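Dear colleague,

Please find the structure below, together with its sequence.

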Amino acid sequence: MIYADNAATTQMSRAAIDAMVFHMENIWGNPSSLYEFGQKAQEAITSARAKIAACINAAPAEIYFTSGGSEADNQAIISAAKAGAKKNKRHIISTAFEHHAVLHTLEKLKREGFEVELLDVHENGVIDVAQVENSIRSDTCLVTIMFANNEIGTVQPIAEIGEICRAEKIPFHTDAVQAAGHLPLDVQKQNIDALSISAHKFHGPKGVGVLYARKNFPLVNLIEGGAQEKGKRGGTENVPAIMAMAAALSESCANMTANNKKILRLRNKLIDGLNKIPYSILNGDAEKRLPGNVNFCFEGIEGESLLLLLDDRGICASSGSACTSGSLDPSHVLLAIGRPHEIAHGSLRLSIDENISDNDVEKIISAVSEVVEYLRNMSPLWKDKISGKKNFVLKG
Ligand SMILES: *Cc1c(COP(=O)(O)O)cnc(C)c1O
């Protein structure tokens, strides 16, 4: 099997599995218990908190453990909205191509009377800083813009957006789930007030994540319960998962430069190979993108058919995000960057990690080329395009 769907989830690393199993077997006390056996678990998560804080240049007290990226997004956004409402500020700025954990939370707030402004995304999938600046109003209570997009991989000018928010004293949250472990994160230099992370996107386990919230960020809890996480997130801590997350993040950050050098070379080889397929287009900026992300549209192709035929050849890929596959709507991200419905339907996301080889990449290129040709040859619509009865949308 060739696994090229790391934006959906990653394989757990050996270090993460070892940390998880060790704590399951040995440190299974309750971190809230006062006897030494419980306190061992408390010490363990204290060390994990410090490790994770160091990876993003935060203070350990600003790290809150959650059940994953979705919960962290929900908590950050709802917290800022509640604090805003108290001051009669109900305007929120975000973008049209956020993850659904952000977009659906914003929809809920809209129904509760908030005004949500979703900025347009340029064709290259990068937000214009001036657009953010021009949208800020006296009643803006939150700016939330993702660090890197999960479908097309584009990386946003986060430090510049943060600088503007800082000057206007508006809390700035970023969904950094795709960036953590893959790009350098520094909440000081990048002027970030709140940031979401999910362990299973950097070789950690599923169901655990982090919300970083700066000391003055008006955090409220979504889950009522005990005094865990300074009362901001009730529930006995998932010690083995937290320990595995810390191990995975430390490892990813330590190896980031070396990994990215390898991934970048293979990603560019993949892009060059797929660019040779006629009537195809790369989605998202060629430079300002995650090292491992490749996303293409192929004219005259149904993304789902492409995926199934690649699966037959042992290649795991995705069309759009895992959350939208299974529905027939084209990806909201591809529509946001202006791809017409017809083209957006024929999308393919390949997200590679450091475990991929040159040989794997060559196999992917020939498999995709063959499957695209096969599907086009079967399509009546394609015959109409070839014969000139219908126009092509993309360049040949
Ligand atoms: C995966 C992902 C999430 C959701 O994280 P979970 O831990 O699966 O809840 C949120 N945002 C982005 C950008 C993602 O890629």
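**Surroundings of the ligand**

A polar backbone atom of Gly69 lies 2.8 Å from an oxygen atom of the ligand, which makes a polar contact (a pair of N or O atoms within 3.5 Å; within protein, one must be able to donate a hydrogen and the other to accept it, and residues adjacent in sequence count only if both atoms are side-chain atoms). The protein covers 87% of the 380 Å² of accessible area that the ligand has on its own; such areas come from the Shrake-Rupley method with a 1.4 Å probe, and for residues only the protein chains shown count as cover.

Please note that this is a predicted model, in which local features need pLDDT of at least 70 and side-chain atom pairs count only at pLDDT 80 or more, while totals for chains, interfaces and linings use all residues. Residues are numbered from 1 along each chain as its sequence is written, and side-chain values use heavy atoms, with hydrogens and water left out.

In total, 13 residues surround the ligand, and the closest are Ser70, Asp175, Gln178, Ser198 and Lys201; a residue is included if one of its heavy atoms lies within 4 Å of the ligand. This shell divides into two nonpolar, eight polar and three charged residues. Here Ala, Val, Leu, Ile, Met, Phe, Trp, Tyr, Cys and Pro count as nonpolar, Asp, Glu, Lys and Arg as charged, and the others, Gly among them, as polar. Helix H3 (residues 69–86) gives the most to the shell, with three residues; helices (H or I, at least four residues) and strands (E, at least two) are DSSP runs, numbered from the N terminus.

**Domains**

The chain is divided into domain 1 (56–234) and domain 2 (256–386), with bounds from an automatic or database domain assignment. Their C-alpha centres lie 28 Å apart. Across the two, 27 residues of domain 1 are in contact with 26 residues of domain 2, contact meaning heavy atoms within 4.5 Å.

**Individual residues**

Asn6 is found in the loop between strand E1 (2–3) and helix H1 (14–26). Asn6 is buried because its relative accessible area is 8% (buried means under 20%, exposed over 50%, partly exposed in between, with a 1.4 Å probe and protein chains only).

Ala96 lies in the loop between strand E3 (91–95) and helix H4 (100–111) and is partly exposed at 23%. The C-alpha atoms of Ala96 and Leu119 are separated by 6.0 Å, although the residues are 23 apart along the chain.

Most residues other than glycine have a negative phi. Lys169, however, has a positive phi of about 55 degrees, and phi of Glu229 is near 50 degrees.

Yours sincerely
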